[in-house]
Every structure is written in structure tokens, then in C-alpha cells.
Amino acid sequence: MSLVLECSTRRFKKSKSPAFRAAGITLLGLCSPLNLRKLVRMNLTNFLTVVVTSASMLSAASAESEVPSDSKYWQSAASTEQEAYLEEKLPPGIQVVATALDGPVYADAQGRTLYKWPVSALRNGSLGDRAFGPSNCTEEVLRTEVGFMSPYPAGLLLPYADESVSCVQAWPPVLASADAVEVGKWSLAERADGTKQWAYDGFPLYASNLDKKPGDVLGGTKISSGGDGGVVRVPVGPLPDIPPGFKVLTSSTGRLLVNDEEYSIYTWDGDEANTSNCVQECLHSWTPVRAPQIAADNGDWAIIKHPSGINQWAFRTKPLYTHNYDTRSRSFAGSDVQGWHNVYTQRAVTPPAEFTVQDADFGGQVLADSRGKTVYLYNCRDDSVAQLACDHPDAAQDYRLAICGNGDPEVCRETFPYIVADADAQSDSSLWSVMAINPNTGRRAEAGEEGTLHVWAYRQRPVYTYAGDQEPGDTDADAFGEFYGTRNGYKAFVLRDIYSNYAFRR
Amino acid sequence: MTHFWAGTTGSGVRSLALFFTTLAVAGAATAELPKPYQKDGRIGYVLTDKAWVIYEGDGLEAQCPQGLNASGVRQQFAELFPMDGDQEWTVKETRLMREGRMWHPETSEESFPYHDAQGEIAYGLNLDGKVDADDFMNPDGVAGVDNQLQRAIGCTPGWRSDGQFVHFESLFAIGHSYNRWMIEISGVDDLVNDDDVTVTTYRGLDDLFTDATGDGFIAGGTQRVDARWGENFIEETKGKIVDGVLTTEPIKKARVPWAMRFVGYYDVLDFQLKLNLTAETAEGIFAGYVNAEQWTNRLNRNWGSHHQSYGTVSAASEYRAMRRLADAYPDPETGENTAISGAAEIKLTQVYILHPDEE
């Protein structure tokens with residue numbers, strides 16, 4: 001059953017409203033709020049009939065929302081698209097490994113991703129490594145907080161103060177043999193015990209004890225960090241093989257191609273292979289990305305002649321454009337136009353089918369569960385001198401429990417429920433997995449443990465919804481926790497943010 | 001009223017000049033909406049400054065006779081967990097315990113002193129149509145003003161006119177277009193006296209139109225309506241203009257963006273406007289009720305414990321005051337009021353509002 005409301009005057013349609021959509025109400029024309037109310041009053045009988053009839057549809061409202069497989073954000077597991085990179089001389093044993101989100105990264109002989117720890121300022125001091133300086137990740141046993149995050153003082157005993165944890169246990173240095181020789185950007189840093197540690201661009205390198213197999217990047221990401229989230233580790237990789245004038249940014253959905261001012265690059269379905277059909281009216285909204293006269297084709301990249309006579313870049317045979325109406329960098333606005341698409345060197349693989357994509361009031365889109373409730377990621381780094389991650393089930397859960405439930409696991413489960421999965425559910429994406437969790441402790445459950453919950457996890461961290469979110473697209477727990485949820489708290493799984501440069505929240 | 005950071009600082013002479021210019025414009029506009037700012041009887045304004053407003057004309061000694069609240073996050077921590085002795089404190093029993101209280105506040109009694117603001121005068125409007133014992137008078141002597149928020153936060157430094165929130169909330173709002181809130185008055189025959197106008201609220205998409213200093217805002221800019229993401233910010237009500245002052249009928253729930261870096265808004269219940277209009281500016285207040293839970297959620301998300309420490313704010317303590325002084329929207333089960341009355345001082349600058357069908 002459906003009801004059509006037609007507005008005789010301008011201005012807004014409420015077709016996005018889940019209640020209208022679920023009730024099968026279609027709005028024609030542009031309706032002002034008063035017009036809408038009048039229309040609803042006029043059609044009250046029909047409206048109520050529709051609502052009653054459609055009550056069962058409300059819970060299925062999200063079924064009409066975008067599902068990941070329809071989305072512009074991801075690629076299928078069958079896709080072979082991967083980012084090409086510039087090869088450079090490597091020390092023996094160092095290799096390049098393809099990863100699902102961060103593109104190619106350097107790895108050691110065992111395939112473990114390599115990370116750097118660049119120095120960064122916190123509120124009360126700086127931590128990390130300086131380029132061409134010594135490693136500050138040591139074997140010192142960590143007992144107390146360093147007090148750099150404000151407003152809390154130094155000297156508080158860490159949750160693992162009695163467990164003899166050190167920085168190097170969590171971040172084993174990538175050691176070089178005694179006769180290792182520096183090559184290209186690869187240099188050698190001397191550790192306090194006299195051993196040599198590989199460094200890249202001057203930054204000492206580490207592996208993460210969270211990474212278990214080649215391609216894992218569980219110790220960090222290339223997504224830029226806001227600072228107050230702690231001094232983070234960043235995976236190190238080769239430069240993308242792109243012409244001058246372009247950049248590749250790690251986003252929440254893959255490696256996004258932008259120009260050197262970080263404005264998005266687009267392709268058009270109306271073009272043919274290495275041929276642009278964007279002329280006349282099309283050029284009012286789109287500008288071909290110009291290629292210089294002296295450039296040459298290279299790999300995925302070709303120079304084509306636009307009908308106007310200029311040289312234009314094409315990527316994987318698709319001519320490239322910028323969108324004249326993009327008012328902010330990293331935009332997805334051009335992809336709202338039928339037939340136009342953002343460009344990635346590689347996208348993340350589609351999340352499990354039960355997830356949905358929802359418009360959010362903050363101005364963008366979020367990943368949501370099957371009911372349309374926003375998915376949240378939990379972030380945590382302790383305030384020790386090593387800034388260790390506490391955002392995964394193998395770490396102390398005290399931090400998370402404080403924020404989600406005032407220390408009470410039961411309150412946590414009510415406030416930030418896990419997203420429960422079938423125990424045998426599978427994901428095409430290596431970023432997603434089903435994890436067995438003891439909900440009382442927040443840690444991994446032992447095999448056969450009573451009360452075990454099987455939950456969806458992203459990058460080996462459980463994901464959550466928030467009880468306070470009432471409607472699809474609500475994000476009332478985005479920035480819920482210390483320092484906007486970056487230090488110890490929750491952030492929405494944001495796919496797109498039209499207003500700010502925080503599009504790819506970390 | 002509050003002195004905003006942007007648009008007014010160091011601009012006394014400029015403001016005075018603008019005032020007289022505005023008077024001249026208003027005087028010349030008694031018959032019709034002054035051009036070039038009108039279009040089809042419509043005039044739009046975009047928000048440039050906002051702050052929850054505390055009347056400070058009584059003086060600090062009268063308003064806060066016990067002194068300002070001096071027990072913010074940092075002070076409470078220091079009192080509970082002295083670090084100068086031999087005792088070793090754990091992260092869990094100190095920092096995380098306090099963060100837990102902040103994110104999951106409760107109404108049980110606490111040992112920290114908390115002072116409510118005193119006095120009989122507050123900015124605001126009569127939201128419930130009654131003149132109650134705990135109501136205020138506005139500075140013009142009109143009784144029945146509902147503004148319990150002033151009692152709750154009026155003696156906390158961070159919220160006062162020289163506190164950090166007035167400064168930062170406008171600063172971030174200017175730079176973050178998510179906060180681009182607008183009103184459009186339509187059906188306007190006369191900007192000075194018109195007994196039947198329609199007021200519609202929107203969220204805009206664009207940056208503000210500033211002068212060469214970057215501190216002042218210029219009339220005549222354009223704002224596109226955020227019709228897709230900002231749908232829930234669109235509300236409509238009726239109003240009237242009397243002697244250049246716009247007042248509106250209540251909007252049951254008006255969503256006002258209030259984000260610093262990330263997301264946030266207030267759902268202001270029984271929302272009303274009272275604005276002095278000129279062709280170039282609209283200045284005055286909005287008033288309404290805010291749910292105490294939402295208030296605390298927004299406070300914590302916009303301003304965590306580090307930022308609350310700037311102005312001796314403690315969300316955990318403030319929540320108790322909010323719930324104690326809440327004066328509307330009783331919980332159907334407990335009967336306890338859930339929302340608190342208040343008012344915000346706002347400044348808006350004329351802008352051409354571009355609707356989707358006009359782009």
C-alpha cells in the first residue's frame with residue numbers, strides 16, 4: 001500500500017524520513033514543513049491506515065536503505081584492482097605486501113607489516129621517534145601513566161603495571177644484521193643495547209604484535225590522526241605509482257585518488273575507453289584533469305586527447321575529471337550525479353551483507369547495522385610513555401568499560417551493544433571477521449565458554465551500536481569518550497562527511 | 001548581554017557606526033522591506049554568534065554570593081586523589097572512575113559544593129505561559145521568564161561571558177559549516193510592523209561572508225539550503241513583527257546545530273525567537289527547553305574533561321544541577337522533569353537563502 005502526497009508549492013521533500021518511507025508514502029514536488037503537515041492532516045485517514053498497515057514495515061525500513069553491495073564505496077572480493085607502487089631498492093628480507101585498506105606496505109621476511117612512530121605533541125609533552133634519532137620504544141617496564149594527555153596527572157598505575165609489559169613487547173623493533181648496509185631511504189639506527197634497527201626515511205621501524213599474518217595492518221593505519229588520540233604508529237609503504245599532481249589518501253573505504261590540493265577525482269560512465277565524451281554542457285560541471293605535454297603513458301596511466309584539444313589524464317582507461325561544484329576537498333558530491341564516480345587506486349572489499357549505509361544528520365553517510373543503527377568503532381591508547389593500544393580484546397578492558405558503562409559490563413552491553421553475528425558467518429572482506437567474545441570481560445572467549453557472544457569485528461576489534469540512537473542515521477555517540485572519542489571512546493564508522501576534513505575519522 | 005568573540009571584539013566604533021547606519025536603514029524602511037535585501041517578501045539571516053546567555057547585570061557578588069563554582073574536573077580529581085603522598089593510585093580507580101561518572105552521570109548527592117546563581121533577572125521568554133515563583137523578570141521588567149539554566153550554570157566560570165565556551169563555541173561555529181543555521185522570514189510586507197509572517201529554519205551549506213578583517217560579517221551573502229542532510233533542521237512557524245522585533249509562535253522541537261569539531265545539535269523544545277530585525281542583522285535570543293541528558297551528552301562530546309577544566313566545569317556536577325532545576329517535560333513514569341528552560345543569545349546576518357529549486 002502506498003500514499004502519494006503532492007505539494008502544490010515549493011520547497012522540501014521529506015522522502016528521506018524513515019517513517020514516511022516505511023509507510024510507503026511518496027512525496028511529489030517540493031513540500032514545505034507546513035505543507036506537509038496540512039497534507040498529512042488532509043489525508044489523515046489514509047495516512048493512519050497506511051501507518052497501521054505498514055507498522056511491520058517500520059522495522060524493515062532499513063531494508064530500503066542502501067546495502068553495501070549497491071554502494072559506490074567498495075569493490076567486490078573478485079576485483080583484482082590493487083594500487084601500483086614505485087619500486088625502490090630494499091634491504092635483504094624486506095618486501096612489499098598488498099593490504100586491504102592501506103594499499104601496499106613494507107613487511108619483514110615473515111610478512112609482518114612495518115610501522116614507524118613519528119614524534120607528535122600531546123597536551124603536556126611529546127612522544128615518539130624523531131627522524132634519524134634513536135628509538136624511544138625501549139624495554140623499560142611500563143608501570144605508570146606519563147600524564148601527557150591532560151587533565152590527569154602523571155604517576156597513575158597502569159592496568160597492566162604488574163605484568164612487566166614494555167614497549168618492545170608490543171612493538172618489536174625490526175633488527176638488522178650486524179653487517180647490514182644502508183640502501184636508499186633505508187638507514188640503520190643504533191639501539192641502546194648496540195643492536196641495529198632498520199629505519200625508513202629516518203624513522204626506526206617496528207612490527208606489531210597484533211599482526212598475525214601477511215597483510216594484517218592491525219597496529220595502525222595511514223588515515224591521518226588528529227593528535228589528541230595519542231601518538232600513533234603508521235604503516236610504512238612504497239609511494240603510489242601516480243603522476244605528479246595527484247595524491248592517494250587512505251580513507252575509510254580505500255585508497256582515494258585526489259589532486260594535489262586533495263580535491264576528488266572522478267570518472268564518467270558516458271566516456272569510452274581512453275576517450276572523453278564530456279563536451280559542451282558536461283564541461284559546465286566537470287573539468288578534465290590536464291596532463292602536461294611532456295608526460296608519457298605509464299602503467300595504469302595514459303594521456304588522451306580531450307575533444308577540446310588539451311591533454312587529459314586517464315586512469316585504467318577512464319578519463320579523469322574534477323567536479324566544478326565541489327566546495328570542499330575529499331568530496332563525494334560528484335558521485336551523487338548519476339553516472340559519475342570517485343576514483344580509488346583500490347577500494348576496500350564490501351562489508352558483510354547485513355550492514356547498511358545510512359544518511360546521517362551530521363552531513364554524510366555512516367555504516368549501519370541491519371536495522372539502520374550507526375556502527376561505532378572503539379578507539380583507545382593508554383597514556384604510558386609507549387602509548388600502547390587498548391582498543392582490542394587482548395588489551396586491558398578497564399578503559400572501555402569506564403566509558404561505555406561506568407565500569408559495569410552489563411551497562412556497557414546495554415549502552416553500546418555488540419553487533420551479534422552468526423557463529424559461522426563469513427565475510428568476503430578480510431577486514432571483517434566474527435569474533436567470540438566474553439561479554440562480561442570484553443576479552444576473547446575461550447572455546448566452549450558459557451555466555452560466549454559471536455560478534456562482528458572490524459580489523460579485529462568488535463563493533464558496536466549505541467542505545468541512544470533512535471533513528472537510522474543518528475550518531476549521538478560519535479565522539480563519545482575522552483578527547484572526542486579518539487583517545488578512549490567511540491566514533492561513528494563514517495563513510496563520508498560533507499562538512500569537515502574529518503571525513504575519515506581515526 | 002554577552003560580548004561575543006567574533007564580529008564585535010575591538011569594533012566598538014564600527015559597531016556604533018553600524019548602529020546608526022542601521023537605524024537610518026530601519027527608519028527608511030517603514031513602508032516596505034528594504035531593498036536590495038528582500039526577494040518576494042522573503043528575507044533570510046544566517047547565524048554568526050551564539051551562546052547560552054546569563055544575565056550578569058546584578059554583579060558577581062549578588063549573583064554568586066558564595067563565589068563561583070571552583071570545583072571542576074581537575075579540582076575534583078585533586079581533592080579525591082592527592083598525588084603528594086605515598087599512596088599509589090591506579091588509572092582505573094581515578095581517571096577512569098571519574099570519566100565513567102562524567103559519561104554516565106547520576107543524581108545522587110556528592111561532596112563537592114555547587115552554587116546555583118541567584119537573582120531575579122534573566123534573559124529569556126515565558127515558555128509555559130505562567131508566572132511562577134521561580135520565574136525571572138527580563139531586563140525590561142517583564143515577569144514570567146523561564147530560565148532555570150541560568151541558575152544551573154550561572155556561577156560556573158566556563159559558561160559566563162568571559163568563559164571559554166562563549167569564545168570557542170562561536171569560534172568553531174564560524175569555521176565549521178555544519179553550524180550554518182538560518183532563518184527565513186517570508187510573507188513580509190514591512191520589516192518593522194507585520195502581524196503575519198512565516199519563519200522557517202534551515203541548515204546552510206556554505207561558509208560565512210566576512211569582511212576583510214575576517215572578524216565581521218557582511219550582509220548580502222548567499223547560503224544554499226542543506227536539503228538532504230539538514231532535513232531535520234527544517235521547521236516552520238508563524239510570527240509577527242512589532243516595532244522591528246520579531247517574535248514567533250513555539251516550534252515543538254527545533255534542531256539547532258552546535259558542533260565544535262564533530263557532530264552535535266540541541267533539540268530545543270517549545271522553541272521561540274525574539275529578534276531585533278534590521279535589513280542587515282537580526283539580534284536577540286532564542287528560548288526553549290533542553291533535555292538534561294542531551295545537554296550533558298553534547299557538553300561531554302563537544303568539551304571533554306580537558307576542555308571542561310578550562311573553566312572549572314564538571315559535567316557530573318552540572319548534571320545534578322540540571323536535573324534538580326529541570327522545570328518541564330516530566331518523565332511519565334517518575335514524574336521528574338527532564339528538560340530545563342533556557343535562552344541563548346544569537347546574532348544573525350542577512351543572507352540570500354538559495355533553495356534547491358533555485359540553484
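User: Are A:Trp432 and A:Tyr458 buried or exposed?

Analyst: In this predicted model, both A:Trp432 and A:Tyr458 are buried.

User: What makes A:Trp432 and A:Tyr458 a tilted aromatic pair?

Analyst: Happy to walk through that one. Their centres are 5.0 Å apart, and a pair needs centres within 6.5 Å. The planes make an angle of 50°; stacked would need under 30 degrees and edge-to-face over 60, so the pair counts as tilted. A:Trp432 belongs to strand β26 and A:Tyr458 to strand β27 of chain A, 26 residues apart.

User: Why is the pair of A:Phe355 and A:Trp456 called edge-to-face?

Analyst: Here the planes stand at 65° with 6.1 Å centre to centre. The angle is over 60 and the distance within 6.5 Å, so the label is edge-to-face.

User: How do you know that A:Phe355 and A:Trp456 are buried?

Analyst: The relative accessible area is 0% for A:Phe355 and 1% for A:Trp456. Buried means under 20%, so each qualifies.

User: Why are β26 and β28 of chain A said to stand at the edges?

Analyst: The open antiparallel sheet has the order β26-β27-β28 in chain A. β26 and β28 each have a single partner strand, so one side of each has no neighbour in the sheet.

User: What makes B:Arg255 count as a charge over the ring of B:Tyr265?

Analyst: The charged end of B:Arg255 sits over that ring, 3.8 Å from its centre, and the distance cut-off is within 6 Å. Likewise, A:Arg233 lies over the face of A:Trp117, at 4.0 Å from the ring centre.

Note on methods. Residues numbered from 1 in each chain as written. Chains lettered and ligands numbered in written order. Predicted model: local features only at pLDDT ≥ 70, side-chain atom pairs only at ≥ 80, totals over all residues. Heavy atoms only, no water. Pairing = 2+ DSSP bridges. Helix = DSSP H or I, 4+ residues; strand = E, 2+ residues; numbered from the N terminus. Phe/Tyr/Trp six-rings, centres within 6.5 Å; stacked < 30°, edge-to-face > 60°. Buried < 20%, exposed > 50% of the residue type's maximum accessible area, 1.4 Å probe, protein only. Lys NZ or Arg CZ within 6 Å of the ring centre and 35° of its normal.
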